Amino acid sequence: ESDIKNIREEILRLKEEKNAVILAHYYQKGEIQDIADYIGDSLALAQIASKLTQPVIVLCGVNFMGETAKILCPDKTVLIPDMDAGCSLADSCDAEEFKKFIDDNPDHTVISYVNTSAGVKALTDVLVTSSNARQIVESFPEDTPIIFGPDRNLGNYINSVTGRNMKLWNGACHVHEQFSIEKIAGLKRQYPSAKVLAHPECKKQLLILADKIGSTAALLNYAVNSDANEFIVATESGIIHEMQKRCPDKTFIPAPPNDSTCACNDCSYMKLNTMQKLYDCLKNESPKVEVDSEIAEKARRPIERMLEISE
Ligand code: 13P
Ligand code: SF4
């Protein structure tokens, strides 16, 4: 307890000294969310990063979020507490393979989810997050041929709500694909008035059970404004920290994974970041996110296009 208090004070002191700003995703450990200047979903973090004036950004999230911030702010120092914080979904889409997929489907508009490497972003026409995917897809005329990558579940979901027939890359997130439909159905019987909140990276069979499908920010918003008192949360469990803070009298039940022996509704990458690593990265100004300048140049336009459309 006192160690956390000390490290908190030290982080705040270093933050002042370096004129840094701390951004944290909702999947970060609670104490990291609590010390951040801004918390948000991946769209909000990109929007905030694009408007900051401070010279140093510490992005507490995973690598692709740090890369997005760096691409938007090439002149700033972007730090990330642990460089190994990858993303299984981004890893499921190799840039060279994705290029072949694009070449095999000429004349298609390429729409990618932000959960991708900078190399895949550089091959993309416009990026989306789970907050704005529907809006951005619908901004194209109905007969536009579209390639969508890398998340097959989000892609399927967007196809089903828009009536489009986008060609999908076959990628997925290991956290969102492992929720147990049977156990969630069991929880619904146990808590008949509970609402099921699901991220669109979950499988279709789960989304069918959901009362609300949306990005982390959309699920949080729904929980805050809903008359319901109980919620089954089918996304990474870090979001429950802010849900519980904003709604102290409501009950949030993490959706159980298929394998009850693992804590696999935690994203092991997101949870690599700790207060100690946050302190160290501010102190040493390392690890720094760097993106090859040629790739960054190509990746900037599709990110900016996304920000323009979702303003
Ligand atoms: P959001 O865009 O909803 O914050 O999701 C990011 C993510 O990594 C989902 O797994
Ligand atoms: Fe990537 Fe899944 Fe972790 Fe989100 S929860 S950062 S999609 S591995």
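**View 1. Serine 139 in its loop.** Serine 139 sits in the loop between helix H8 (133-138) and strand S7 (146-149); helices (H or I, at least four residues) and strands (E, at least two) are DSSP runs, numbered from the N terminus. Serine 139 counts as partly exposed because it has 13 C-beta neighbours inside 10 Å. For the cut-offs, buried takes 20 or more other C-beta atoms within 10 Å, exposed 12 or fewer, and partly exposed is in between, with C-beta atoms placed from the backbone. Isoleucine 309 is 170 residues away from serine 139 in sequence, yet their C-alpha atoms are 8.2 Å apart. This is a predicted model: local features need pLDDT of at least 70, side-chain atom pairs count only at pLDDT 80 or more, and totals for chains, interfaces and linings use all residues. Residues are numbered from 1 along each chain as its sequence is written, while chains are lettered from A and ligands numbered from 1 in the order in which they are written.

**View 2. The open sheet with S7 in it.** Four strands line up as S6-S5-S7-S8 in an open sheet, with parallel pairing; two strands pair if DSSP finds at least two bridges between them. Strand S6 (126-128) and strand S8 (167-168) are the edges, each pairing on one side only. S7 and S8 run parallel and are joined by two bridges. Phenylalanine 148 has leucine 168 in S8 as its bridge partner.

**View 3. Two cis prolines.** Glycine 149 to proline 150 is cis, with omega near -10°, and proline 150 is in the loop between S7 and helix H9 (152-162). Serine 286 and proline 287 are also joined by a cis bond, omega about -5°. Proline 287 lies in the loop between helix H14 (275-284) and helix H15 (293-309).

**View 4. Positive phi at glutamate 285.** In that H14-H15 loop you'll also find glutamate 285, which has a positive phi of about 50° although it is not a glycine. Glutamate 285 is partly exposed, with 14 other C-beta atoms within 10 Å.

**View 5. Around ligand 2.** Among the residues around ligand 2 are Val62, Cys87, Asn115, Glu201, Tyr269 and Met270; "around" here takes a C-beta atom, placed from the backbone, within 6 Å of the molecule. The shell divides into eight nonpolar, two polar and two charged residues. Ala, Val, Leu, Ile, Met, Phe, Trp, Tyr, Cys and Pro count as nonpolar, Asp, Glu, Lys and Arg as charged, and the others, Gly among them, as polar.
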